[in-house]
Amino acid sequence: MSLPADEPTRPQRRHALPSYRRRYTQVLVILVIALALVAVLAYRHAVTEVDSVADRAALHATRMALLDAAVDRLHRVRQRLHESLLTPPPGHDDALDRSLQQLDMALTRLARGHAGHGGDTATLTTALQQDVMTLRSQIGEWVAKRDEPRRWPPSTRLIDDELQVSDDRFVAHLDAAIAALRDSDDAAARAVLLRLFDLQKAWLRMIGELHLVIADRIGAHAAEPGVGRPARERNVRRQLRQVDTLLAALAAAIDDARPAASAALPTDDIRALGGHADRWQRAFARLVRDLDDGDWRQDLGLLRTEIEPLLQTMQQRLDGLRTDLQARRRQQLDTLSAAGHGLGSLLLAATLLLLLVGALGYLSLDRLILRPIEGLADARKRRAPGVRAAPPPAVAETRDLVDAFADLQAKVTEAERELEHLAHHDALTGLPNRALLRRRLGEAIDNAAGSELLVGLLFMDLDRFKQINDSYGHAAGDRMLVEIGRRLHTVFRQDDLVARLGGDEFAVLLENIHARDEMVALADKALDAIERPYAFDGHLFYSGASIGIAVAPDDGTDPDRLIQLADAAMYACKQDEGSGYRFVSSELSTHAAARHTLENELRSALRQHELELHFQPVVTTAGDVVHCYEALLRWPHAEQGLLQPASFMGALVDAGLCGNMSDWVLDRIHTRQPDPDAVVSFNLSARLLHDADFAHRLIERIESGRLDPRRLILEVTEDTLETDLQGAAPVLARLQQRGVRIALDDFGTGQASLSHLRRFPFDYVKIDRSFIAGIGRVPDDEKLIDAIIGLAHALGMRVVAEGVEQEAQRAFLADRGCDYIQGFLVGKPAAGDA
């Protein structure tokens, strides 16, 4: 903001101020260094603790593995001893000796693994090594007593000579019977096999119970021998009864079997089972009586009084080692947890420190920066003579901000003026634009209200400007527009407003006019100024203008209505002869009103989807094979009936709805065509291809799959290419690369037909119907058709003849090699599916 006039700016001596940035940076650097140092120390401590705990955990795992191995070896020794209570199998003593050796080695490794511990652990490992030596000595003595035949009582020989022999023979016959029936498909044999399986299970359970009877007698499962033996004996007898029942069922099954089936059964083996079972049962009864004798085994005293207590002592010591290892493991976990808590506390302290520094930083920022800025803002808002200025800054940053603020305010004010100018003026000529013209027109009409003064509005459209622009480039066209603006400024009065509306259109607002003659005189001067030659780069250019004049209040007082009428008068003048002027008339008013109504109706029809697509076939000239369908736009008007595009295309262009209409057609073209697989052609104005948004939407439809490029032909009308081919060609080329075929429509009606064929490789050339109508009547038309077909074929393009309605026309075209025909002769347009 600029200073008041009574306070001129003076150069002031800038004294050094402390920098808030430097202060804050210093504090921040110190804090970062301290936190980094703490973080490094904490990290090293945490890594050391984790490594130490990891090492101890690995050592703990090793010791636990050694302890488990020792427990397992002790269990195996105890198992071997129990297996030796009855008659041991061959090699059993060697197995027992190997188990003792393995136990000794396991305890030795365990002692080495606990080396260096000291205390109770060392004592336990040493005691275990001594225990294993004592155990080996006692087991050796026990084996010697067990192997001395005179020490074995009759019960032992009963087990070996009768029970074991009967068991072996019973099992042998049972296995033979099962093997004989295992693969038999006979139903009776399968039933016998199932009973044999049940017998096998019952027998094995009985033998297992016998082993438990003997173990209870020894005292393997209780402190007092024989406590659980009665219950075990009852279990043996119950299993014996089950065996007897199954043997009786097997005997009955053999007796009841048919001779043929009985011959396939292992009768001898099954009958032998009963005898072996009876002998085993009698031997078991004698064994029960012998077991009641207190002197039934002389080697069991050593087993109960010395070996078993020693085994229990060793087990207790191993359990003590396990308890010690678990305690050490808990201690390691506690150490790791403590380290984690310490690190967490450190991080919490660092976080609190950061919060404290942040709070102190904010307080200092508020005192040294924010409050001075707030005071500066308040002072600048209230700045006026007699009002105290903002307080002096305390730090360098605030002083720099004050200076930057003043400079920024000056630049913003200048930018606002520039934006205001750009918003209401043409960038090329510097003249007012349409928005400013409309605003000034409304103000002029309001100022003239109640007086006899007139307000004139001149609309100008330059003649031959597009030809100059295309021939000599946009630079020449721009210089010409600037020169015309300068000339118009010299023609009109100082109070008149000369505006550029866009392109080659200008407008002039005339105020304080007493009669129309004044407007005529000014319009003549404007025409004279515009028609003077223009010299650029050694070339002379000539132009003219068509001027439409609307007068307020004669033609109305609504600014938009006056602009519309002036535009209509200008357009009518251009249609008449050009390079002149024309006032708004009643006919033009009626025409403009009708045109306005038509535009509104057209907008409503497009919004409510009242338009229709009709499809006309394009067939081969010789065989009437449908090549494609042309999509034709129709408007079923409520009052005027079915309208063709020629009836409303001008209103469509003036209303700026060409892009909307084309989008509507492209969205529905493949849903309403007669044949889903047919190729469809569609007429598109080349001017639309200059619209970047429309071109993007068209290509996006193809790339997204909503339009199949292989089944789409775009027809470009030749008259729209006269000034638009240069801009449309890149978009057409991109469409061709994606598979879309391009047709040049109404060929021969434009001013540069051959130039179009040379400048763009069209896929089709469509001969205008005006030439086809001359077949058989106008020889020159026939020659032109022949030449067009030959030229198109020479350029690799196919030819479509439009408006074919007679067989004679078809015959002529077929004779000349025309590829396709279209017209009422081969098919009228028909509405597509809704």
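A: Contact here means heavy atoms within 4.5 Å. On that basis, among contacts between residues at least 6 apart in sequence, 71% join residues at least 24 apart. Quick ground rules: this is a predicted model, where local features need pLDDT of at least 70 and side-chain atom pairs count only at pLDDT 80 or more, while totals for chains, interfaces and linings use all residues. Residues are numbered from 1 along each chain as its sequence is written, and side-chain values use heavy atoms, with hydrogens and water left out.

Now the helix pair. The protein has 24 helices and 17 strands; these are DSSP runs numbered from the N terminus, with helices being H or I of at least four residues and strands E of at least two. Look at α18 (residues 658–668) and α19 (residues 692–703): their axes come within 11 Å and cross at roughly 5 degrees. That makes α18 roughly parallel to α19. (Angles under 35 degrees count as roughly parallel, over 145 as roughly antiparallel, 65 to 115 as roughly perpendicular, and the rest as oblique. Axes are lines fitted to C-alpha atoms, for helices over the stretch in contact, and angles run from 0 to 180 degrees between N-to-C directions.)

Who touches whom? On the α18 side you have Gly659, Ser662, Asp663, Leu666 and Asp667, and they meet Phe694, Arg697, Leu698 and Arg701 of α19. By class, that contact holds three nonpolar, two polar and four charged residues. Ala, Val, Leu, Ile, Met, Phe, Trp, Tyr, Cys and Pro count as nonpolar, Asp, Glu, Lys and Arg as charged, and the others, Gly among them, as polar.

For contrast, turn to the nonpolar cores, meaning sets of buried Ala, Val, Leu, Ile, Met, Phe, Trp, Tyr and Cys residues joined through side-chain atoms within 4.5 Å. Buried is under 20% relative accessible area, exposed over 50%, partly exposed in between (1.4 Å probe, protein chains only). Of the 834 residues, 41% are buried. The largest core has 67 residues, and Leu714, Ile785 and Leu813 have the most contacts inside it. Beyond its neighbours within four places in sequence, Ile785 is in contact with Ile767, Phe771, Ile772, Ile775, Phe812 and Leu813. A second, separate core of 38 residues includes Leu199, Trp203, Leu247 and Phe284.

Gln200 sits in helix α5 (residues 187–218) and is partly exposed at 26% relative accessible area. Not counting residues up to four places away, Gln200 touches Leu174, Asp175 and Ile178.

Most residues other than glycine have a negative phi, and most peptide bonds are trans. Asp537, in the loop between β4 (534–536) and β5 (539–541), has a positive phi of about 50 degrees. The bond from Ala552 to Pro553 is cis, with omega near 10 degrees.

The protein averages 80, and 82% of the residues score at least 70. Where pLDDT is low, the predicted coordinates should not be read in detail.

Definitions and conventions. pLDDT = per-residue confidence, 0-100.
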